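Hello,

Here is the model I promised to pass on to you.

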2 protein chains.
Amino acid sequence: MSLTVVGSLAFDAVKTPSGSRDRMLGGAATHFALAASFFDEVRPVGPVGDDFGEDELAILRTRGTVTDDVEHVAGGKTFFWAGEYHDNLNQRTTLRTDLNVFEHFEPKLSPAAQDCDVLFLANIQPELQLNVREQCENARFVAMDSMNLWIDIARDALVRTIRTVDCLILNDEELEQLTGAPNTPAAAQELLGWGLRAVVAKQGKYGAALYTEEGFFALPAYPLHPVVDPTGAGDSFAGGFVGSIAAHGGGPVSHELLTRAMAYGTALASFNVAEFGTERVARLTGEEIGARVEELREMTRFELEPLALRA
Amino acid sequence: MSLTVVGSLAFDAVKTPSGSRDRMLGGAATHFALAASFFDEVRPVGPVGDDFGEDELAILRTRGTVTDDVEHVAGGKTFFWAGEYHDNLNQRTTLRTDLNVFEHFEPKLSPAAQDCDVLFLANIQPELQLNVREQCENARFVAMDSMNLWIDIARDALVRTIRTVDCLILNDEELEQLTGAPNTPAAAQELLGWGLRAVVAKQGKYGAALYTEEGFFALPAYPLHPVVDPTGAGDSFAGGFVGSIAAHGGGPVSHELLTRAMAYGTALASFNVAEFGTERVARLTGEEIGARVEELREMTRFELEPLALRA
């Protein structure tokens, strides 16, 4: 069994109220792989340039991640993103995006990567996501992310891609934008009608919500102060969420399993934002994850006692 | 035992994507009383004008609410608010606010209202809240709401008032504005340092979070489509929250009791927004509330199974 993820491998420059980094390992596939590596053997697929060296590959290989499908483009430069987060950390300004080797990326998966049990399509052009999805025709569970840009400029391709996967993980506002629905519950109902097994609405600092035909489930974000760097939070969430599903081997992906996946996603995201870039999750332990999901359960559990209400 | 609430009794005109009402019963004390009346005998304190008639009093008296402290100002007109909600229902424009009899309101509580077990200070000038709080010196549990206006123009009085109560229920952004903290967990920690037993952060469509010295608890809003009219949602939440605490009689207000109160608050708010004004909660039943808090428990419950994580 293994878990394949396609998406960006990058260098990021970020500035937040807690400090800044000029150049650190980043990218959706990187954050996803570091989080998911606790649960299964992960194979990230994506291009890097000459500037992506052994130090970066070593971080990516944490907990056994296989980097055979990291494509080295000779003479190229790795994707670079620079951004700044403002006071409340909910808004960010992109200062620079250099696609570099990503501009002409055509995903060619090795047989081992194609033969994955579970697949995650991180946020890249929908056409590329669809291409990868079709290369992994035996995958038992396929989840994907996207962003408002693709809803704006490639909606048809995005919809075609969504119709081939099991689970869409998107910001709540993007779910509404994608469907034209006035709120997230309505957007999720519409999307379940497209054949999805599950819709996950990411709500930033408020947490995340899960919609399936069987029901609704929501979990708050772990209350953290300070949040040092939100970069990669969504991909770490996806890594914990999708990873924990992969860890459960064969069998149907039940609503109950998806609720547990929400807890692992929330836990991984909370560690990710506690330090810059990959710093915290790279040295995270399974015991810390176990303790945090238990804490999340305590933070959302309540008991009802019989209460005689007045009429 | 009884539950006193001081706040506005009003007529509202609202326009939402679902429709409009030119003039309907509203006001914070009204919405609070209708929700809290399931749990205890409620005494609303507030002024009304000649235009507030038997029809309005009859709605207010639902489930035994005592209207002896509703002060009729002869020759006056009842507080009037008109507003419009926009597409996503999270932003509203106030079209008109006529304070009318509220402009010269000086709360004079009857001995029965003063002798309350539990007190809620709905959103009015902090000086008036403090005045009422001091009239109810034997109250076992006192909670209050406020708004950004008072943080802007009467912060000192607001802080003085907060320091005399047990629980502050405020929008998360207002908690941050009040304390200057960069996020809600930090704001709540600061406020617990002021001597509060509990801080409740209202998060609109995302739900609400509870902070005490013992821990953190959060509950999503009930997923509802369509939301017809959000007016009074916060006060209905407070009515369910504070009411369910009042229903538990004497004894300490434990963290566990507060988590259960969050469920009742969330349930009452969800019914409030399903129709215009007081329409839904006025005809609500205890059975419906019981079913909804059970549903909320299901929507937030997850089980953890031992999972061997990779190292």
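Contact here means heavy atoms within 4.5 Å. By that rule, 53 residues from chain A and 52 residues from chain B take part in the contact between the chains.

Some housekeeping: this is a predicted model, where local features need pLDDT of at least 70 and side-chain atom pairs count only at pLDDT 80 or more, while totals for chains, interfaces and linings use all residues. Residues are numbered from 1 along each chain as its sequence is written, chains are lettered from A and ligands numbered from 1 in the order in which they are written, and side-chain values use heavy atoms, with hydrogens and water left out.

On confidence, the predictor gives the complex an ipTM of 0.94 and a pTM of 0.96.

Now the interface. About 4600 Å² is buried between chain A and chain B, with carbon and sulfur atoms giving 61% of it; this is the accessible area (1.4 Å probe) that the two parts lose on being put together, summed over both. Tyr206(A), Phe302(A) and Arg310(A) supply 18% of the area that chain A buries against chain B, more than any other three residues.

There are six salt bridges between chain A and chain B, each a side-chain nitrogen of Lys or Arg within 4 Å of a carboxyl oxygen of Asp or Glu. Lys205(A) forms a salt bridge with Glu176(B), and their closest N and O atoms are 3.9 Å apart.

Finally, a look at Ser2(A): its C-alpha atom is separated by 6.1 Å from that of Asp40(A), 38 residues apart along the chain.

Best wishes
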